[in-house]
Each structure stands twice: as structure tokens, then as C-alpha cells.
Amino acid sequence: QLQLAESGGGLVQPGGSLRLSCAASEFSLDYNTIGWFRQAPGKERERVSCISSYGTNTNYADSVKGRFTISRDNAKNTVYLQMNSLKPEDTAVYYCAADRKYYCSGPYAYWGQGTQVTVSA
């Protein structure tokens, strides 16, 4: 099955930036819609962004709109989440997920292991 691996998390000060990567192996991300999700302690998992299978459509949660940017590089079989102007409330475990579909809605079949993002002074 499709394997996903997130990287790029870490500790950053408020206002700082991080770039998360989601690298696929075994199979191509082609034809897959990719979502970035996060789950903070004591909170429900939420979708923060997604990108359609052809990269023509993107979606962002209101809480991150204008600060986060999702992109994909099919040649590298990788999806990125550029996170700028980070806030303490962005602290969470971030997951990427994929599904062979056209749009962001609905379930995702494949998930990465997650990467911790901590925003603190």
C-alpha cells in the first residue's frame, strides 16, 4: 500500500516558520488528494489543508488561511506544508493523509505517522 512519511516538525518560536514534508513511497501520489491534519492535546483532529489530485484546487482551515501554504511536487513524490507566522495554538501533531480521489472531502485511506510541531517562546 501507499506509505507516507512526514518530516520537518520541531520547536519554533511564535512568528516563526516551518516547512513540513510528506514523502510517499511504494506508490506514486499521482491521482491522490492529499490532506494535512493536526491534533492538539485534548482536541479533535482537524484538517488544516488539502490539495487535489491534480494540484488545481487547495483548501485551508480558517485558522490557518493566509499563513499556511500547501503544495505538491509530483517529480519528488512529495507534498509540502509551508507554515508561516506560527502561533502557540498551532502546536499539534501534524499528519498527512492521502486518498485516490479528486477532492478534499470524505475519508482518507492512507496516513503518515505524524510529526510534532511545537510553537513556544
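This is a predicted model: local features need pLDDT of at least 70, side-chain atom pairs count only at pLDDT 80 or more; totals for chains, interfaces and linings use all residues.
Which residues form a nonpolar patch on the surface? Residues are numbered from 1 along each chain as its sequence is written, and side-chain values use heavy atoms, with hydrogens and water left out.

**View 1. A nonpolar patch on the surface.** Tyr31, Tyr54, Tyr102 and Tyr103 make up the patch, with about 540 Å² of accessible area together. Such patches are made of residues with over 30% relative accessible area and no salt bridge, where like charges are joined within 9 Å and nonpolar side chains (Val, Leu, Ile, Met, Phe, Trp, Tyr) within 5 Å. A salt bridge is a side-chain nitrogen of Lys or Arg within 4 Å of a carboxyl oxygen of Asp or Glu. Accessible areas come from the Shrake-Rupley method with a 1.4 Å probe, and for residues only the protein chains shown count as cover.

**View 2. The disulfide of cysteine 22 and cysteine 96.** Their sulfur atoms are 2.0 Å apart (a disulfide is a pair of cysteine sulfur atoms within 2.5 Å). This pair links distant parts of the chain, cysteine 22 in strand β3 and cysteine 96 in strand β9, 74 residues apart; strands (E, at least two residues) and helices (H or I, at least four) are DSSP runs, numbered from the N terminus. Cysteine 22 and cysteine 96 are buried (under 20% relative accessible area; exposed is over 50%, partly exposed in between, with a 1.4 Å probe and protein chains only).

**View 3. The disulfide of cysteine 50 and cysteine 104.** Here the sulfur atoms are 1.7 Å apart, and the link is right-handed, with 100° about the S-S bond. Cysteine 50 is buried at a relative accessible area of 0%, and cysteine 104 is buried at 12%.

**View 4. A cluster of rings: Phe37, Tyr95, Tyr108 and Trp111.** Rings of Phe, Tyr and Trp (its six-membered ring) pair if their centres lie within 6.5 Å; planes under 30 degrees apart count as stacked, over 60 as edge-to-face and the rest as tilted. The whole structure has four aromatic pairs. Phenylalanine 37 and tryptophan 111 have ring centres 4.7 Å apart and planes at 45°, so this pair is tilted. Phenylalanine 37 is buried, at 9% relative accessibility, while tryptophan 111 is partly exposed, at 31%. Tyrosine 95 and tryptophan 111 form an edge-to-face pair, 6.5 Å centre to centre with 75° between the planes.
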